[in-house]
Structures are given as structure tokens and as C-alpha cells.
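Hi everyone, thanks for coming.

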Amino acid sequence: MSELTLIILRLGFVVGLWLFVIAALLVLRSDLFGTTVVTRASRPDPRREQRPAGTAPAPPAPIATALVVTAGPLRGTTLTLGSTPVLIGRAPECTLVLDDDYASNRHARVYRQGEDWYVEDLGSTNGTMVSGRRIEGAVPFKPGAQVRIGRTEIELRRGPR
């Protein structure tokens with residue numbers, strides 16, 4: 001082989017080795033720092049809050065309700081509940097993304113029906129526990145009740161207005 005061929009092979013080997021090292025560091029970084037929590041709350045539009053003089057103020061908002069993660073890797077995370085259902089699972093499109101091997105991609109859903117809240121298991125492999133009982137389908141979710149999905153425990157809490 002010519003000397004030029006050997007130099008090109010050595011240079012290609014070094015470049016390939018550095019690419020491997022960088023890829024390994026990126027994997028380690030994602031393992032150490034986990035997933036990024038995306039806040040999906042939108043800012044209120046200040047123009048909507050202005051109302052013409054002489055009009056009555058809007059009725060008071062219902063008591064704020066939140067899902068609080070009380071155990072697991074996301075402990076301390078709070079989601080304020082609104083009218084849209086909360087999807088819980090490993091998939092990135094879920095509202096609460098769990099980095100847990102025991103959670104399914106679309107594991108459970110928390111939704112409001114009338115004045116009551118419900119939690120529904122979406123056919124997960126390892127099941128959803130509500131207050132220590134495994135559930136199938138939708139069951140009422142009362143404030144103070146614990147939902148367990150893998151290593152994560154979630155509690156429904158009501159807060160002040």
C-alpha cells in the first residue's frame with residue numbers, strides 16, 4: 001500500500017473513533033439528566049381580560065385542581081388540571097411523561113366528567129393502582145387518592161381559588 005493510503009486510513013479511523021466517543025457522551029448525558037419537562041400552559045392574553053365599562057365580571061373560576069407526583073423520579077411535579085384530559089405514559093405526546101420501564105406508552109388518563117374526576121387505565125401491561133387496588137377501565141378519582149404507575153405515585157389535590 002502507498003503511504004497516502006495508510007495516512008487516509010489512519011485519519012478515517014481517528015475520525016470514526018471520535019464520532020463514537022461523542023455518541024457515547026451524548027447517551028451518558030441523556031441518562032444522567034433525563035428527559036426535559038415541557039410546560040404546555042399558555043400565557044393568558046391580556047387583551048381578553050379587558051372588558052367594557054359597565055359589564056359584570058366573569059363568575060369565579062372553580063376551585064383549582066392539580067395532580068401532584070408524590071413519589072418516583074418526577075417527585076414534586078405539579079400539573080394544574082383544566083378541561084382537557086391528562087394523558088400519562090412514556091410516549092412524548094403524553095401530558096405527564098414517565099421515564100419508567102413499568103409504564104406503557106399510553107398508560108392512563110385522568111379526565112373530568114361533570115364535577116367528578118376519573119382515572120382510566122388504557123390497557124396497560126403492568127396495570128394502574130388506585131389507593132392500592134388494581135383498576136380496569138375508568139374509576140372515580142377523589143381528592144387525596146393515590147394513583148400508582150410503576151414507581152410513580154400521583155395524587156389528586158384541590159387547592160384554593
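I'll go from the core to one strand, and then to the charged pairs.

Keep in mind that this is a predicted model. Let's start inside. The largest nonpolar core has 23 residues, and the ones touching the most other members are Leu 67, Ile 88, Leu 96, Val 110, Val 119 and Phe 141. Several strands supply at least two residues each to this core, among them β1, β5 and β6. In general, nonpolar side chains in soluble globular proteins tend to be buried together. Take Val 110: beyond its neighbours within four places in sequence, its contacts include Leu 67, Ile 88, Val 119 and Phe 141.

Now, β1. Here 6 of the 7 residues are buried, so the strand is largely enclosed by the rest of the structure. β1 pairs with β2 in the antiparallel sense over 4 bridges, with Leu 67 opposite Leu 79. β1 also pairs antiparallel with β11, over 6 bridges, and there Val 68 stands opposite Glu 155.

Glu 155 is buried, at 14% relative accessible area, while Arg 157 is partly exposed at 37%.

How many salt bridges are there in total? The count comes to 4. Another one joins Asp 100 and Arg 151, at 3.7 Å from N to O. Those two sit in loops, 51 residues apart. Asp 100 counts as buried, because its relative accessibility is 2%, whereas Arg 151 is partly exposed at 44%.

Technical notes. Residues are numbered from 1 along each chain as its sequence is written. This is a predicted model: local features need pLDDT of at least 70, side-chain atom pairs count only at pLDDT 80 or more; totals for chains, interfaces and linings use all residues. Side-chain values use heavy atoms; hydrogens and water are left out. A nonpolar core is a set of buried Ala, Val, Leu, Ile, Met, Phe, Trp, Tyr and Cys residues joined through side-chain atoms within 4.5 Å. Buried means under 20% relative accessible area, exposed over 50%, partly exposed in between (1.4 Å probe, protein chains only). Contact means heavy atoms within 4.5 Å. Two strands pair if DSSP finds at least two bridges between them. A salt bridge is a side-chain nitrogen of Lys or Arg within 4 Å of a carboxyl oxygen of Asp or Glu.
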